[in-house]
Structures are given as C-alpha cells and as structure tokens.
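Hi,

Here is the structure I promised to pass on.

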Amino acid sequence: MSEVRQFTVAPDDDGIRLDRWFKRHLPDVGFAQVSRWARTGQLRVDGKRATPGDRIEAGQVLRVPPAEPKPETKARPKRERPPLSADQIAFARDMVIHRDAQAIVINKPPGLATQGGTKTHDHVDGLLDALAFERDDRPKLVHRLDKDTSGALLLARSARAAAFFAKSFSGRTARKVYWALIVGVPSIEDGMIELPLAKQPGTGGEKMHVDEKAGSPARTRYRVIERAGNRAAWVELQPFTGRTHQLRVHMAAIGHPIVGDGKYGGQDAFLTGGISRKMHLHARRIRIDHPDGGRIDVTAEPPQHFADSVAHLGFDPKLGDLPIDEVKFSETPEGKRKAVSAAAKARRKERKGERRGRGRAPA
C-alpha cells in the first residue's frame with residue numbers, strides 16, 4: 001500500500017496557490033481530486049487542513065495522500081528534443097546580453113522565430129537547452145518578438161520569475177522601447193496612436209488590421225529621433241498594449257510604414273538607394289522590475305542592416321536613446337483596477353460597520 005507523501009515548498013513556489021503547485025509538480029492529479037482530498041481533510045499544509053485556493057509559502061510541508069491507481073493506458077512515446085550541436089550552443093550563448101539568477105536577456109537576430117510552427121524549424125524555443133547554464137531546467141519564454149524583428153528578448157530562469165514577469169507585462173509596468181526606420185515623416189513628432197486592432201478576416205489570423213468596432217484597444221507612443229528630409233525618419237516606439245503586430249499596423253495606419261515591412265506597407269515600405277529590404281524594427285531596450293528587487297534595464301545593439309541604413313541616411317547613432325518617462329503603478333490598468341477594488345472594499349466595510357452600529361441598543 002502506498003504511503004502518504006510529504007513535500008517541502010521550494011522558494012520558486014513561494015506565494016502561489018496550492019492548486020497551482022499541483023499543476024507544476026503533480027500534473028497527473030486533477031483539480032477535482034485535489035478538491036476531494038481537501039474536503040475530506042486529507043490535504044494538509046504544516047499539519048492544518050488546506051483548500052485548493054490557499055497560498056503556500058517556501059518551507060511549508062505539504063501532506064499529500066497516496067497516488068490513486070489509474071487504469072492502464074497505452075503510454076504515448078515521449079517526444080524528446082534533439083540534442084543541440086556545438087554550433088547551435090555557441091550561437092545561442094552568443095546572443096546573451098544579460099544573465100542573473102532569475103533572468104536572461106538575449107539579442108535576437110532578425111529572421112529567427114521566437115517559437116516553432118508550420119515550416120518553422122529554427123527558433124529561440126528550440127535553443128533554450130543551451131541557456132540552462134548552471135541550472136537543471138531550461139529558461140522560459142515570457143514574451144515574443146516577430147520573426148523579422150530583432151532585439152531584446154527576456155527569458156525567465158524559474159517558474160517564480162516567469163509568473164512575476166508575466167504579471168509585469170500584463171500590468172503594463174514593464175517598458176519596451178523599439179527603434180524603427182519609417183517611410184516619410186509624421187507631422188507630429190511626439191504622438192500617441194490609439195487604434196483598436198483585430199485579426200483580418202480571410203488571412204487565417206496571420207494578419208491584423210484596424211477595426212474600430214470589434215478590435216481590442218491598442219496604444220503606441222512614437223517619438224521622432226531624426227529625419228532625413230521628407231524621405232524617412234528614425235523613430236522610437238513604445239507599445240502600451242501588447243497586440244500582435246501592433247507597431248507595424250499602427251505605423252502603416254498613419255501612413256508611415258516601417259521600412260522593409262511589405263506585409264503592412266506593400267511596395268511603399270521599401271526605400272531605394274541601397275537601403276536594405278529587411279525589416280527595420282528593433283527591440284532596443286527592455287526595463288522591468290526584478291523578482292529579487294531592483295530592475296533589469298538592458299539595451300540591445302541593432303543588427304548590421306539597421307546600423308548600415310542609419311549611417312546611409314545620415315542619422316547620428318548617439319541620438320537614439322531618449323529618456324523614458326516614469327509611469328507610476330497607480331497609472332497602469334492593473335493599478336487602476338486595484339484602486340477601484342480597494343475603494344469598493346472600503347465602502348463595503350464602512351456599510352457593514354454602519355449596520356452593526358444600528359443594531360446596538362442605546363446606552
């Protein structure tokens with residue numbers, strides 16, 4: 001007969017829900033089974049009864065009942081990743097521009113996809129085993145860059161860091177700064193584009209478009225760094241939402257497509273006179289809070305074709321890094337939601353106190 005099992009909560013699992021712990025470490029145990037163990041008192045944390053929604057802390061001891069026998073099923077052959085060659089390992093490690101205990105930032109080259117897909121065999125996800133370094137597990141992707149977009153890509157080195165970074169991206173406290181070369185020059189040099197985006201029908205989800213009625217909100221700030229007459233401009237772009245192809249669609253929508261982006265700019269997206277036909281969109285900088293305190297703030301050098309085009313158009317590379325405006329947490333969507341929730345909770349508490357007061361007998 002199987003015995004009761006005990007597990008000690010690791011630092012990477014500090015603060016997560018108990019049901020989330022089961023998903024990470026005992027994925028064969030379903031939510032219904034966890035709930036049943038909780039109802040019957042068989043699931044305990046430090047000797048006390050626990051529920052699936054309880055938050056657990058590092059160092060606590062989980063008491064888990066014996067595994068329930070499952071009917072025999074024909075096991076599927078496990079798909080194993082092919083081992084990386086020495087060249088692939090060297091290539092992956094050469095991309096690293098920042099590394100600490102919780103995070104890695106790479107400078108992704110243009111033409112390398114972030115994840116695999118139909119007919120996509122070379123991608124960052126397939127190289128992550130090379131970036132485990134001293135850890136036993138590979139790092140985790142927490143956001144993406146388009147295949148033809150180069151630049152800073154953040155990887156989490158633990159499950160705790162991945163959850164922390166995901167919350168930063170969804171809460172809009174992370175800041176991503178892109179450089180782009182665009183066709184023409186906007187009449188407003190520092191502007192905000194607010195155009196809702198949706199998948200374009202008939203493209204299989206491969207292309208986005210502006211959709212005022214059914215689109216999801218999308219906001220992009222742009223600032224002109226330098227201009228080459230009226231022919232082209234070097235701009236900084238900051239996405240304040242994370243829609244697919246957002247920067248590319250927004251710039252094309254205001255009549256200034258990114259140089260080399262034929263998908264959204266058509267033939268108008270290409271410049272003559274020796275300018276590369278490759279995409280000129282580069283994730284220059286990422287700034288995000290660190291799970292252990294402080295900040296990660298990393299810049300990535302642009303690829304050769306981008307640097308060559310900047311020089312060809314006579315732009316000064318020293319002018320590229322503009323100061324980032326500080327955004328307070330209270331000004332982000334998550335911050336505003338928390339403020340509204342806290343205000344509602346305070347009102348409920350106040351009303352509850354008033355009801356108790358009315359029920360007291362006069363002195």
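Does Asp13 count as buried or exposed? At 3% relative accessibility, Asp13 counts as buried, where buried means under 20% relative accessible area, exposed over 50% and partly exposed in between (1.4 Å probe, protein chains only).

Before the rest, some housekeeping. This is a predicted model, so local features need pLDDT of at least 70 and side-chain atom pairs count only at pLDDT 80 or more, while totals for chains, interfaces and linings use all residues. Residues are numbered from 1 along each chain as its sequence is written, and side-chain values use heavy atoms, with hydrogens and water left out.

**The chain as a whole**

The protein chain has 8 helices and 16 strands; these are DSSP runs numbered from the N terminus (helices are H or I with at least four residues, strands are E with at least two). Of the 363 residues in the protein chain, 42% are buried. Take the contacts (heavy atoms within 4.5 Å) with a separation of 6 or more: 64% of them are between residues 24 or more positions apart. The accessible surface of the protein chain is about 20900 Å², and 50% of that belongs to carbon and sulfur atoms. Those areas come from the Shrake-Rupley method with a 1.4 Å probe, and for residues only the protein chains shown count as cover.

**Salt bridges**

Back to Asp13, then. Its side chain meets that of Arg24 in a salt bridge, at 2.6 Å from N to O. That pair links distant parts of the chain: Arg24 is in helix H1 (residues 18–25), Asp13 is in the loop between strand E1 (5–8) and H1, and they are 11 residues apart. Arg24 counts as partly exposed, at 23% relative accessibility. The rule here is a side-chain nitrogen of Lys or Arg within 4 Å of a carboxyl oxygen of Asp or Glu, and by it the count comes to 19 salt bridges.

Another one to look at is Arg248 with Asp146, where the closest N and O atoms are 3.1 Å apart. This pair also links distant parts of the chain, with Arg248 in helix H5 and Asp146 in the loop between E7 and strand E8 (150–156), 102 residues apart. Arg248 is buried, with a relative accessible area of 8%, whereas Asp146 is partly exposed at 23%. Elsewhere, salt bridges that share partners join Asp12, Arg135, Asp137 and Lys140 into one network. Within that group, Asp137 and Lys140 have their closest N and O atoms 3.6 Å apart. Asp137 is partly exposed, with a relative accessible area of 30%, and Lys140 is partly exposed too, at 28%.

**Helix H5**

Why call H5 largely enclosed by the rest of the structure? Because 6 of the 8 residues of this helix (residues 246–253) are buried. Those residues are Gln246, Leu247, Arg248, Val249, His250 and Met251. After H5 comes Gly255, which has a positive phi, near 90°.

**Two loop residues**

Leu131 lies in the loop between strand E6 (103–108) and strand E7 (140–141). At 2% relative accessibility, Leu131 counts as buried. Leaving aside neighbours within four places in sequence, Leu131 is in contact with Ala92, Arg93, Val96, Ile104, Ile106, Pro139, Leu155 and Arg157. Val96 is 35 residues from Leu131 along the chain, and their C-alpha atoms are separated by 8.6 Å.

Ala214 is in the loop between strand E12 (208–210) and strand E13 (219–228). At 59% relative accessibility, Ala214 counts as exposed. Ala214 and Ala198 are 16 residues apart in sequence, with 6.9 Å between their C-alpha atoms.

**The cavity**

The structure holds 1 cavity of 30 Å³ or more, and the largest cavity has a volume of about 30 Å³. A cavity here is a set of points, on a 1 Å grid over the protein atoms alone, where a 1.4 Å probe fits but cannot get out; lining residues have an atom within 4 Å of a point. Grid points are joined across faces, edges and corners, and a volume is the space filled by probe spheres set on the points.

Which residues line the largest cavity? They are His143, Leu145, Ala152, Lys176, Tyr178, Ala283, Arg285 and Ile286. Strand E9 (175–183) and strand E15 (281–289) each supply at least two residues of that lining, and E15 gives the most, with 3 residues.

Cheers

Note on methods: 1 Å grid on protein atoms, 1.4 Å probe; cavity = no way out; pocket = protein on both sides within 12 Å on 5 of 7 lines; lining within 4 Å.
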